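I opened the model today to look at how the chains meet. I also wanted to check a few backbone angles.

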Number of protein chains: 4
Amino acid sequence: SGQFFLMAGPCVIEGEDMALRIAEKVQHITDKLQIPFIFKGSYRKANRSRLDSFTGIGDETALRILAKVSREIGVPTVTDIHESGEAAFAAEYVDVLQIPAFLCRQTDLLVAAAQTGKVVNVKKGQFLNGESMQFAVDKIKQSGNDNVILTDRGNSFGYSDLVVDFRNLPAMRSFGVPVVMDVTHSLQRPNQASGVTGGQPALIETIAKAAIAVGADGLFIETHPTPATAKSDGANMLALDRLEDLLIKLTKVREAIR
Amino acid sequence: SGQFFLMAGPCVIEGEDMALRIAEKVQHITDKLQIPFIFKGSYRKANRSRLDSFTGIGDETALRILAKVSREIGVPTVTDIHESGEAAFAAEYVDVLQIPAFLCRQTDLLVAAAQTGKVVNVKKGQFLNGESMQFAVDKIKQSGNDNVILTDRGNSFGYSDLVVDFRNLPAMRSFGVPVVMDVTHSLQRPNQASGVTGGQPALIETIAKAAIAVGADGLFIETHPTPATAKSDGANMLALDRLEDLLIKLTKVREAIR
Amino acid sequence: SGQFFLMAGPCVIEGEDMALRIAEKVQHITDKLQIPFIFKGSYRKANRSRLDSFTGIGDETALRILAKVSREIGVPTVTDIHESGEAAFAAEYVDVLQIPAFLCRQTDLLVAAAQTGKVVNVKKGQFLNGESMQFAVDKIKQSGNDNVILTDRGNSFGYSDLVVDFRNLPAMRSFGVPVVMDVTHSLQRPNQASGVTGGQPALIETIAKAAIAVGADGLFIETHPTPATAKSDGANMLALDRLEDLLIKLTKVREAIR
Amino acid sequence: SGQFFLMAGPCVIEGEDMALRIAEKVQHITDKLQIPFIFKGSYRKANRSRLDSFTGIGDETALRILAKVSREIGVPTVTDIHESGEAAFAAEYVDVLQIPAFLCRQTDLLVAAAQTGKVVNVKKGQFLNGESMQFAVDKIKQSGNDNVILTDRGNSFGYSDLVVDFRNLPAMRSFGVPVVMDVTHSLQRPNQASGVTGGQPALIETIAKAAIAVGADGLFIETHPTPATAKSDGANMLALDRLEDLLIKLTKVREAIR
């Protein structure tokens with residue numbers, strides 16, 4: 001239809017009811033706007049700053065919830081993996097395997113994800129430009145899997161800030177793969193002294209509009225009914241009841257560039 | 001009309017015929033699209049890397065050409081000044097005085113520009129965020145002049161690259177002044193070993209679309225009939241015959257966000 | 001003795017003869033200067049840009065060579081691991097397990113390395129400041145292992161350059177752990193269009209002297225008899241026959257700050 | 001003598017007694033250590049963030065104090081100028097004219113300073129690498145003045161931090177001119193929300209030692225009897241009574257690299 005697609009969900013799977021409720025609500029909104037929707041939820045957080053940060057409710061429990069969301073709501077799902085051994089395991093439950101930005105250069109992980117035959121979504125490292133992601137695409141395709149998505153989540157800008165360089169979107173689109181803007185993590189304020197990452201949720205609309213205007217194929221947005229009580233990354237999540245309004249605005253921008 | 005405005009012209013005034021020809025052509029295009037147009041031309045380049053770089057055809061000669069463009073084509077004009085003593089002098093010929101990015105913290109220069117009563121367009125330093133430009137606005141307003149424009153031309157990103165941080169546009173718009181995206185200089189590749197700044201003209205459309213999508217009030221685009229033969233900054237200029245197509249696309253994005 | 005220590009060796013273990021030859025030569029030099037020496041060699045390169053880059057001669061073969069170097073030359077050894085499953089395996093052969101900079105936030109990997117009881121050397125991420133490494137130290141200590149080393153290998157500075165921020169050395173020393181400057185990788189020029197990282201070997205002495213002057217406890221220097229023919233990272237390696245001269249100069253700086 | 005030289009003094013000339021007192025004290029210390037000393041004081045601050053920041057006690061009053069310090073204490077003096085018209089005026093009172101970092105590309109200013117015949121000290125822009133300063137050196141030498149000093153004061157690193165890239169010192173020394181590390185301004189924390197620049201005075205020794213270790217010819221240190229009450233830049237000034245101890249340490253590092 002020429003519409004962009006949406007990866008959305010909570011940061012981490014906190015429980016079945018919450019997951020189903022968010023998925024149902026987003027599915028309802030995206031149906032109306034003819035936006036293809038992929039439900040996102042981490043089954044574990046592997047790179048938190050602190051050992052005492054919340055990391056999940058149990059790997060298999062969380063993955064089963066993702067599978068149930070897919071079955072009951074009728075949407076594909078995506079989750080992130082961190083070591084090569086997790087690829088085949090997670091692939092039994094989800095449709096898209098996501099490679100975290102810090103890990104986008106880990107050959108074993110990319111190859112293991114590719115070999116599952118699932119779609120592989122690689123987040124661009126905060127230390128890389130778009131052109132450099134050619135190597136990640138090649139590693140996956142040379143492993144026999146052509147279903148690659150690339151996602152931009154901003155670049156390091158000093159120690160405690162990220163900047164989105166929109167030149168990277170056309171650079172990555174030139175590889176012939178869908179390109180996603182991760183609005184949520186692009187707005188992180190990393191390396192805060194507290195060990196808890198900060199954010200700037202008021203700028204979600206700014207980053208999302210610019211991304212659609214320059215031709216992003218998809219958006220990645222973490223959303224939660226009550227971001228302030230989310231167990232991870234609440235600082236940048238979009239309140240669920242503000243999602244529809246945002247998507248309507250973005251749909252207009254998308255139409256303008258067709 | 002809800003339309004954005006355009007500051008456009010050659011980098012530096014190379015001669016009367018060329019200036020009139022560019023102004024007339026841009027005026028013709030912007031008239032059709034109801035885009036308010038301000039003709040831009042430097043009367044001197046004061047911060048070239050090399051002493052043997054082309055710096056202009058003579059200050060007064062160039063300023064008189066700007067005045068003639070204004071009179072004959074019926075458009076306002078803008079030029080940049082570099083020391084406080086130039087403010088009153090340049091103000092006799094043009095409508096908008098522009099403060100270069102490297103100089104946006106020079107109090108004497110800002111105050112002298114403000115005191116002419118002309119509109120003052122301050123380019124954001126490549127080392128500053130949008131919030132910091134509050135101080136430039138304050139210096140001008142506290143000098144009795146409320147006609148301030150702020151322009152973003154990207155931020156230093158390592159030694160030889162610039163990145164546009166689109167968060168700075170809403171930050172600067174919050175001061176209640178018009179905000180412009182300088183598409184041309186945002187795409188510079190500074191500090192090349194040759195002493196001649198490089199560029200990436202293919203990305204003009206990317207930066208311009210993102211800027212309009214996030215609410216820029218105006219665009220700054222250097223344009224030339226034959227950028228390859230321009231005497232300054234040819235690397236990033238838009239070929240004049242591609243301007244209309246670009247503005248049509250941008251007008252659609254502008255309509256989408258209204 | 002108040003002297004600094006040295007981690008040195010080839011980037012990757014290319015073969016037994018080469019490893020023994022390098023270790024013997026470095027051991028001879030460091031003995032004279034009373035510099036404690038840890039032999040470094042990767043048994044596999046896991047994050048190369050390209051799938052067709054050289055990645056090693058076989059994991060176990062390489063690890064056995066490291067063990068043989070330790071036995072025959074009488075020096076401790078260090079190698080890097082990339083997934084948690086490798087920790088116990090590599091720990092059978094070496095004395096220090098090194099965590100690559102991209103992976104310094106991966107909790108599972110840090111905990112697995114810590115649980116081997118070996119010394120854990122964590123490289124500071126190119127996207128982190130020294131203060132943030134407190135969290136890596138905590139994860140290891142809270143896993144019951146107090147033998148932590150932190151190594152700085154520079155910070156991302158634009159897309160294709162790294163800068164060493166010497167403020168990070170005292171910041172990391174404040175945690176009460178030894179701090180190492182990785183001279184070799186700090187001088188990388190990442191993300192070159194070719195997919196092969198560039199370098200600036202002439203600056204090795206500059207970075208090393210500054211590190212010792214500000215109190216680094218150790219240095220990490222990759223060295224090779226003929227850097228131009230090394231199978232990995234040759235661009236920044238120090239020619240082995242220049243090592244002694246460098247260490248003599250650095251010993252003088254070390255004495256000056258005692 | 002192989003010793004480094006020192007540019008030191010208060011940020012801005014606050015009054016005659018204070019200036020003489022600081023100069024006398026520093027002269028006493030540097031005499032003992034055989035460190036050539038140039039007294040530094042701004043006669044006006046031209047690029048403060050806020051219009052209501054303290055900018056000086058009057059240009060001529062301050063310049064006369066600089067001349068008196070030179071006469072009475074027997075030391076050369078340095079002050080910074082901001083527009084080309086100030087060059088000849090300031091040159092009547094001081095020995096070295098300093099070009100602020102934001103202005104290091106302003107050709108008219110460099111040429112005017114050069115034409116006074118005084119030594120010209122150009123601060124490297126926060127947005128430039130060492131190599132780029134070749135163009136500033138050329139502009140001055142091509143104006144008939146070979147007495148150029150280059151000073152590094154750090155590089156923009158994100159919006160609110162600076163990093164010193166020590167690779168720039170050998171790069172600038174390769175032009176055959178003395179190179180100075182400005183320890184004070186390298187430690188600034190710019191663009192704080194308050195409009196008052198922050199600092200990290202505990203790191204003065206770190207930056208100074210690294211600079212001397214890599215071959216800096218001189219150091220620039222702002223010092224004040226009571227930094228907390230200084231009228232400008234107090235955040236990074238060295239307390240005057242800590243200067244001697246620092247210089248003794250640095251002298252040892254200097255001897256170590258000879």
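**Ground rules.** I worked on a predicted model, so local features need pLDDT of at least 70 and side-chain atom pairs pLDDT 80 or more, while totals for chains, interfaces and linings use all residues. I number residues from 1 along each chain as its sequence is written, letter chains from A and number ligands from 1 in the order in which they are written, and take side-chain values from heavy atoms, with hydrogens and water left out.

**Chains C and A, extent.** I looked up the contact first (heavy atoms within 4.5 Å). Chain C puts in 35 residues and chain A puts in 35 residues. I then took the buried area, which is the accessible area (1.4 Å probe) that two parts lose on being put together, summed over both. For chain C and chain A I get about 3,300 Å², with 49% on carbon and sulfur atoms. Which three residues of chain C supply more of its buried area than any other three? They are Leu51(C), Arg105(C) and Tyr159(C), with 22% of what chain C buries against chain A.

**Chains C and A, pairs.** I searched for salt bridges (a side-chain nitrogen of Lys or Arg within 4 Å of a carboxyl oxygen of Asp or Glu). The rule finds two across the interface of chain C and chain A. I noted Arg44(A) with Asp108(C), at 2.5 Å from N to O. Next came polar contacts: a pair of N or O atoms within 3.5 Å, where within protein one must be able to donate a hydrogen and the other to accept it, and residues adjacent in sequence count only if both atoms are side-chain atoms. I find ten residue pairs of this kind between chain C and chain A, both residues at pLDDT 80 or more.

**Chains C and A, elements.** I took helices (H or I, at least four residues) and strands (E, at least two) as DSSP runs, numbered from the N terminus. On the side of chain C that touches chain A, α4 (107-115), α5 (134-141) and β7 (155-156) of chain C each supply at least two residues. α4(C) gives the most, with three residues. By class, that side of chain C has ten nonpolar, 16 polar and nine charged residues. I count Ala, Val, Leu, Ile, Met, Phe, Trp, Tyr, Cys and Pro as nonpolar, Asp, Glu, Lys and Arg as charged, and the others, Gly among them, as polar.

**Chains A and B.** Here 24 residues of chain A touch 25 residues of chain B. I get about 1,900 Å² buried between them, 70% of it from carbon and sulfur atoms. The rule gives two salt bridges across this interface. One pair I noted is Arg167(A) with Asp161(B), whose closest N and O atoms are 2.8 Å apart. β7 (155-156), β8 (162-163), α8 (204-213) and α9 (243-257) of chain A each give two or more residues to the side that touches chain B. I class that side of chain A as 14 nonpolar, four polar and six charged residues.

**A backbone check.** Gln34(B) sits in the loop between α1 (16-33) and β2 (37-40) of chain B. In chain C, Gln34(C) also has a positive phi of about 55°.
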